[in-house]
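Let's take a friendly walk through a protein model. Have a look at the picture below, and then we will visit a few places in turn.

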Amino acid sequence: MLKSKADETLPPQMAEMAHKTKTPFVQCITDVISPKNLYMGDKIVLIGDALAGFRPHTVASTSQAAFDVMSLVKWLDGEIDRGEFVKRVMEYARDVQAKGVRIGNRSQFETLEVKEYIEDRNMMSTPHKDIVFPEWTREGLDEI
């Protein structure tokens, strides 16, 4: 049954992989992100996967962890203030988590030119300093 479902719902190359797999299985992918990264008067700080679980195809979890911890160190060392720490970490988490959902939906439910799949993946390789985060990623951050 799973192999016939693959033909109905997956892109051809993924359906082929399901047919070639002796014992195919389904892995549920969930989208999780905390509404904020600081709790209990800043005594609990969520960073990395504790803050936002990115989909595997974003290949961004290690990058998120490194960026978040470097930002945390800058805050603790006084190089940036609390507000800047919240802004940096939450903007990145919100943006990449939303991009992961969009990339997943595009690759699963749309037929795209190869160029578009490549552009989706390249988007995830943009250095942090070059990212311009959408305005919506800043909503409510002043209240954290």
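## The start of helix H4

Asp-81 caps the N-terminal end of H4, with a side-chain oxygen 3.2 Å from the backbone nitrogen of Gly-83. Keep in mind that this model is predicted.

## The nonpolar core

Now for the inside. The largest nonpolar core holds 23 residues, and Leu-51, Phe-85, Val-86 and Tyr-92 have the most contacts inside it. Helix H3 (61-76) and H4 each supply at least two residues of this core, and H4 gives the most, with eight residues. As a general rule, nonpolar side chains in soluble globular proteins tend to be buried together.

Let's zoom in on one member. Beyond its neighbours within four places in sequence, Leu-51 is in contact with several residues, including Ile-33, Leu-46, Gln-64, Val-89 and Ala-93.

Is Arg-106 buried or exposed? This residue of helix H4 is buried, because its relative accessible area of 17% is under the 20% cut-off. Leaving out residues up to four places away in sequence, Arg-106 touches Leu-112, Glu-116 and Asp-120.

Glu-113 sits in the loop between helix H4 (82-109) and helix H5 (114-123). Its relative accessible area is 58%, over the 50% cut-off, so Glu-113 counts as exposed. From Glu-113 to Gly-48 there are 65 residues in sequence and 32 Å in space, C-alpha to C-alpha.

Note on methods:
Residues numbered from 1 in each chain as written. Predicted model: local features only at pLDDT ≥ 70, side-chain atom pairs only at ≥ 80, totals over all residues. Heavy atoms only, no water. Helix = DSSP H or I, 4+ residues; strand = E, 2+ residues; numbered from the N terminus. Buried < 20%, exposed > 50% of the residue type's maximum accessible area, 1.4 Å probe, protein only. Core = buried A, V, L, I, M, F, W, Y, C linked by side-chain atoms within 4.5 Å. Contact = heavy atoms within 4.5 Å. Polar contact = N/O pair within 3.5 Å; in protein donor to acceptor, adjacent residues only side chain to side chain.
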